[in-house]
Amino acid sequence: MRGTKVIQALAGLAGLGICGSAYALEWYFREPGSRLAADVDWLHQMVMWLILAIFVVVFGAMFYACYAHRKSKGHKAEQFHENTAVELVWTVIPAIILVAIAWPATKVVIAQKDTSAPDLTIKVTGYQWKWGYDYVKGEGEGISFLSTLATPRAQIEGHEPKGEHYLLEVDNELVVPIGKKIRVITTAADVVHSWWVPSFGAKQDAIPGFLRDLWFRPEKTGTFRSQCVELCGKEHGFMPIVVRVVSGEDYTQWVAQFKEKAEKSAAGDSRNLSTQELMQRGEKVYTGNCVACHQAQGQGTPAMKAPALAGSKVTTGPKEAHIDTVLQGRANTAMQSFKALGNADLAAVITYERNSWGNKGGEVQPAEVAARRK
Amino acid sequence: MSAVVDTHGHGHAGHDHGHGHHGPYGGIMRWITTTNHKDIGTLYLWFSFIMFSVGGTMALVIRAELFEPGLQIVNPDFFNQMTTMHGLIMVFGAIMPVFVGFANWQIPMMIGAPDMAFARLNNWSFWLLPFAATLLILSFFMPGGAPGVGWTMYSPLTVQMGIGMDFTIFAVHLLGMSSILGSINIITTILNMRAPGMTLMRMPLFVWTWLITAYLLVAAMPVLAGAVTMTLTDRHFGTSFFNAAGGGDPVLYQHIFWFFGHPEVYIIALPGFGVISQVIPAFSRKPLFGYASMVYATSAIAILSFIVWAHHMYTVGMPVTGQLFFMYATILIAVPTGVKVFNWVTTMWKGSLSFETPMLFACGFLFMFTLGGFTGLVLALVPIDIQLHDTYYVVAHFHYVMVAGALFAAFAGVYFWIPKWTGRMYNETLGKIHFWATLIFFNMIFFVQHFLGMAGMPRRIPDYPLMFETWNKISTIGAFGMGLAQVLFFYIVLDTIRNGKPAPQLPWEGADSLEWTHLPTPVPYHTFETQPTIR
């Protein structure tokens, strides 16, 4: 809304003066990337204009009284304290204004809830602390991957300068085609998360054990970034959502490439790996999935009920128990099931855990992980 | 109330007591054993101030961490503990007790009663609080620390927490018990102990708002106790109220919590409305406009507050009819709230206004609480809320209501009544500095958070993308300024008690409730042992 934007711009300039920050100031909704987001934007502007009008009337009266009806100016108090007609009017008029607001809002609500007849259905699963994406129906059916924060720890802890997309970058972006109706089904594996892409006006809590849905139809290509918006534990601030909208052809190409890559890694999943390969790959998987709780030196986080892995019974005891823990997780803790990862990745990370920080637990091969899957 | 032990050493001027200075206790035992509503009111007020300082310090830790992107001061786990405890302590430890403190001091004096109806129960409702606060603080020293789940304590995240969570649950039980006992006392006092002639519709509006608030407390607090007890059994006794794998539903917790949580908003706000309804007429030298409609509007708000809870949950995925129902019910609340604001402004209209510190805070309340109401209207609309839910916009909104609303009303009340309580005047210049500093720094903290929310910054994150840096810097600077302003407030109160000039009998010429018209300043320890007859 223009009026608000002017006020906000002035406030922004004042802020700049105070801080001298080099970064652009964001003070309004992001540029809408779908019809729904544009509708929400319009609704917000409409309401803000109404509010501005009410604000001027009510506080115009208050500040005028503060100025003109002062004791220090010799104003004598009148003693009226009731007027039924006036009181009736200012009950009825706001009620009418509210109906005027509710009407267009209702239309948007109904549109927002209509998830029928999608072109593409994607299931989104919230994990502590990453997102899982499964293409359930439509072009690309069967594609499935995890999406984890790609910002290095060193940037978060201030050892390296922060990149442009600090905290808003992931290893695997969600890719969707432009102009198609995308239905997103949300759920979660552990606690409540919330999946949100502001540019599409799409937000839905991901509730463990239940399915909910939302939809959007992207109208612009490009990369759209956001974060988990429901407190989900320690790393809540570190599980971004990145959606890349591409043209129809690019999408078809992406699907083909993804499937090809998946086949290759499936083949790799059954092949035995050398100790060095396992350790190198394991360190990468560990950094992406385990380090937040179990820490870089395997010392664990007692506050999270995340035990130390250095010298623990699991990492130095029988391999089967270790594999089962990783495959099935631990109930009522942030230790979830990691069976969404491939056998090779799991074998690698288990090997890494069993042979780091002074542990000597022997190596695990992908076939052994495959054997423990149920 | 001849059973009341009288042990204090001041303020008997003008009142001849049949029984006098025969109390067995002095010093600390006076406060532990007291059944005097004024002593207990004082205890509530000081307890509230201590908790306000503790919760405020936690807010400063949060803001310091958010001064710039990256993790600098605390780790994410401790950050979550801070946001959780800041919320719980401010809501249950600071804002609710401060108004119970006002209720204890003022209600008996305003209705011409000698004390509260259940004097010993009154002592007990206060003394539960320090134990609850101790449990909350102790949770920091448990293995795993305090819970990092947010003050809303959503399941199933609560199941993952350490033993600190159980401490918090028991603390909530104690706080709830204290509130319920206090409310029973307030309801009984107001309904049974009014002086002859003090009909319900002649009661000062502060008493009315507390009567309605007390009913809200009795209805809502057991619901919260139920929610946290279910959490407790889910954690330890294998139940599955909120666990889908056992047939439960995590969203059920949210429904139960907010069935308590929304009335709670008005539990916090209504007594503040009451204070403002005393202060504005006094400094306008003009009776409150629309007294009857104020009573009806307050009742309407209270009733509506029970049917709007799910507007805190628009994003959990309700059916469209559910979303529409809660949206319509929520925007309906704007009507009675609007009536109240119009009445306050009209009370000022053509009055004879003066702006001492209580009136400044009342005007600050009126202006900024209404801003909080406007953003409430924005958030009531489902499509916009879906964009703003769980962002800093919501943080800004509820701080406008809780701080610029309830806290400003509390400051107005303290400055308004402190001459009556202590017999001494506060320093007007310092009071005005306190007001302006609080107003400016408050807006510096929270106005910019609207922008953060609209631009997409989620709540409860210890670190944030670079584009949010500037507003966060401004907000943090404001937070430290506001903290300093409250140190000044502490000084003002101490200075009043120790060095304040003796207050005149009627320091505010427009004040007309019984405590001003029928009682000397400072008030004696026992008042209205013989009830006055009103007109």
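Is B:S352 buried or exposed in this predicted model? At 6% relative accessibility, B:S352 counts as buried, where buried means under 20% relative accessible area, exposed means over 50%, and partly exposed lies in between (1.4 Å probe, protein chains only).

The model is predicted, so local features need pLDDT of at least 70 and side-chain atom pairs count only at pLDDT 80 or more, whereas totals for chains, interfaces and linings use all residues. Residues are numbered from 1 along each chain as its sequence is written, chains are lettered from A and ligands numbered from 1 in the order in which they are written, and side-chain values use heavy atoms, with hydrogens and water left out.

**Surroundings of B:S352**

B:S352 is placed in the loop between α10 and α11 of chain B; helices (H or I, at least four residues) and strands (E, at least two) are DSSP runs, numbered from the N terminus. Apart from residues up to four places away in sequence, B:S352 touches A:H69, A:R70, A:K71, A:H75, A:K76 and A:A77 of chain A, together with B:F283, B:S284 and B:R285 of chain B. Contact here means heavy atoms within 4.5 Å.

**The interface of chain B and chain A**

The contact takes 97 residues from chain B and 101 residues from chain A. Between them the two chains bury about 8,800 Å², with 70% of it on carbon and sulfur atoms. Buried area is the accessible area (1.4 Å probe) that two parts lose on being put together, summed over both.

Across this interface there are 30 residue pairs in polar contact (both at pLDDT 80 or more). A polar contact is a pair of N or O atoms within 3.5 Å; within protein, one must be able to donate a hydrogen and the other to accept it, and residues adjacent in sequence count only if both atoms are side-chain atoms. The elements that give two or more residues to the side of chain B that touches chain A include α3 (76-111), α7 (250-284) and α15 (469-499) of chain B. The largest share of that side, 9 residues, comes from α10(B). By class, the side of chain B that touches chain A has 59 nonpolar, 25 polar and 13 charged residues. In this scheme Ala, Val, Leu, Ile, Met, Phe, Trp, Tyr, Cys and Pro count as nonpolar, Asp, Glu, Lys and Arg as charged, and the others, Gly among them, as polar.

**Salt bridges**

Side chains of opposite charge can pair when their charged atoms come close. A salt bridge is a side-chain nitrogen of Lys or Arg within 4 Å of a carboxyl oxygen of Asp or Glu. By this rule the count comes to 15 salt bridges over all chains, and 1 salt bridge is found across the interface of chain B and chain A.

| Pair | N to O distance |
|---|---|
| A:K71 and B:E509 | 2.6 Å |
| B:R285 and B:E509 | 2.9 Å |
| A:E173 and A:R244 | 2.8 Å |
| A:D119 and A:R217 | 4.0 Å |

B:R285 lies in the loop between α7 and α8 (291-304) of chain B and B:E509 in the loop between α15 and α16 of chain B, so their pair ties together parts that are 224 residues apart in sequence. B:R285 is buried, at 15% relative accessibility, while B:E509 is partly exposed, at 48%. Through shared partners, salt bridges join A:K71, B:R285 and B:E509 into one network.

Within chain A, the salt bridge of A:E173 and A:R244 links distant parts of the chain, 71 residues apart, with A:E173 in the loop between α4 and β4 and A:R244 in strand β10 (residues 240-246). A:E173 is partly exposed, at 21%, and A:R244 is partly exposed, at 29%.

**Domains of chain A**

Chain A is assigned domain 1 (2-71 + 81-113), domain 2 (120-264) and domain 3 (269-372); such bounds come from an automatic or database domain assignment. The centres of domain 2 and domain 3 of chain A, taken over C-alpha atoms, are separated by 25 Å. In their contact, 9 residues of domain 2 meet 13 residues of domain 3. The area buried between these domains of chain A is about 860 Å², of which carbon and sulfur atoms give 61%.

**Backbone features**

Cis peptide bonds join B:S155 to B:P156, with omega about 0°, and B:T521 to B:P522, with omega about -5°. B:M153 has a positive phi of about 50° although it is not a glycine, and B:M153 is buried, at 2% relative accessibility.
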